[in-house]
Amino acid sequence: MKNKITYLLAFVLFLTSCQSVRVAVDYDKSAQFKSFKTFGFLKEGIDRAEINDLDKRRILRSIETVLIEKGFTMSETPDLIINFFTKERQQVNIYNNNRFNYFGGMGYGWGPFMGSQVNVSNSQQGTLFIDIIETNNKELIWQGVGKGSLTASVNKKEELIHSFVTSILENYPPEIKAKP
C-alpha cells in the first residue's frame, strides 16, 4: 500500500512540474529599483530573438501588460530598457513497460509469460530570458529566466506566453531590505 501511495505522489508531482514554469531570478543588489518608473523595449535585441513575429508581439504585449499592472509607464525616454530572448529544444521521452502475463500463453512479446510495450513522447521545452537594463549606464540590473513546456494548441499560445511572462516578472522589482 505504501508503494502505491509513493508512486501516486511521484506521478502527481511529475504532472504538476510539467505544467508549471520554473523561474530563476538574478539582480544587482546595488540598483535603486524604487527610483525606476518608466520602461521601453530594446528593438535591436528583440529583433534578434529566434522566434516568429507573432510570438514576439505576444511576449511584448504580455511584458507591457504586466509592467503597467505593477505601476510602470511605457515611455520614449525610459528609465529601464527591456530585452528578451528565447531558447527552444525538443525533448524525447522513451518508456519501456515490461509486462508479465500470468495467464500463460495469452501474452504478447517475446514469449508466453512476458511482453513489452515501448512508448515514445515528444515535447518542446522553452526558455524565456527577460533582461532589464538601466538606461543611464546601459547595465543589466535584473534578469528573469523561465523554463517550461511549450506544448500547447494554437488557441492556448497566448495563455502559455502570458503564463511564462507573469511567472518571471512576479519577482520584479525585487524587495530589497534596508541595511541595519
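Asp47 is partly exposed, at a relative accessible area of 44%. Here buried means under 20% relative accessible area, exposed over 50%, and partly exposed in between, with a 1.4 Å probe and protein chains only. The model is predicted: local features need pLDDT of at least 70, side-chain atom pairs count only at pLDDT 80 or more, and totals for chains, interfaces and linings use all residues. Residues are numbered from 1 along each chain as its sequence is written, and side-chain values use heavy atoms, with hydrogens and water left out.

Asp47 has a charged partner. Lys43 forms a salt bridge with Asp47, and their closest N and O atoms are 2.8 Å apart. A salt bridge is a side-chain nitrogen of Lys or Arg within 4 Å of a carboxyl oxygen of Asp or Glu. Side chains of opposite charge can pair when their charged atoms come close. Lys43 and Asp47 are 4 residues apart in helix 2 (residues 43-47), so about one helical turn separates them. Lys43 counts as exposed, at 55% relative accessibility.

Now the whole chain. The protein has 4 helices and 6 strands. Both are DSSP runs numbered from the N terminus: helices are H or I with at least four residues, strands are E with at least two. From the N terminus on, the order is α-β-β-α-α-β-β-β-β-α. Of the 180 residues, 31% count as buried. The accessible surface comes to about 12,700 Å², and carbon and sulfur atoms hold 56% of that surface. These areas come from the Shrake-Rupley method with a 1.4 Å probe; for residues, only the protein chains shown count as cover. Take the contacts (heavy atoms within 4.5 Å). Among those between residues at least 6 apart in sequence, 71% join residues at least 24 apart.

Return to the charged pairs. The salt bridges number 6. One of them joins Asp53 to Lys56, with the closest N and O atoms 3.9 Å apart. Both residues lie in helix 3 (residues 53-69), 3 residues apart, about one turn of the helix. Lys56 is buried, at 10% relative accessibility.

Lys157 pairs with Asp55, and the closest N and O atoms are 3.2 Å apart. Lys157 is partly exposed at 28% relative accessibility, whereas Asp55 is buried at 11%. Salt bridges with shared partners join Asp55, Arg58, Arg61, Lys157 and Glu158 into one network.

Follow Lys157 into its helix. Helix 4 (residues 157-169) has 13 residues. From first C-alpha to last it reaches 18 Å, close to the 18 Å expected at 1.5 Å a residue. That expected span is 1.5 Å times one less than the number of residues. Which residues of helix 4 are buried? They are Leu160, Ile161, Phe164, Val165, Ile168 and Leu169. These residues cover an arc of only 155 degrees around the axis, which puts them on the same side of helix 4. The arc is that of the directions from the helix axis to the C-beta atoms.

End at a loop. Where is Thr135? Thr135 sits in the loop between strand 5 (114-134) and strand 6 (139-149). Thr135 is buried, at 17% relative accessibility. Its side chain reaches the backbone nitrogen of Leu80 at 3.4 Å. Leaving aside neighbours within four places in sequence, Thr135 is in contact with Pro78, Asp79, Leu80 and Ile81.

How values were computed. Polar contact = N/O pair within 3.5 Å; in protein donor to acceptor, adjacent residues only side chain to side chain.
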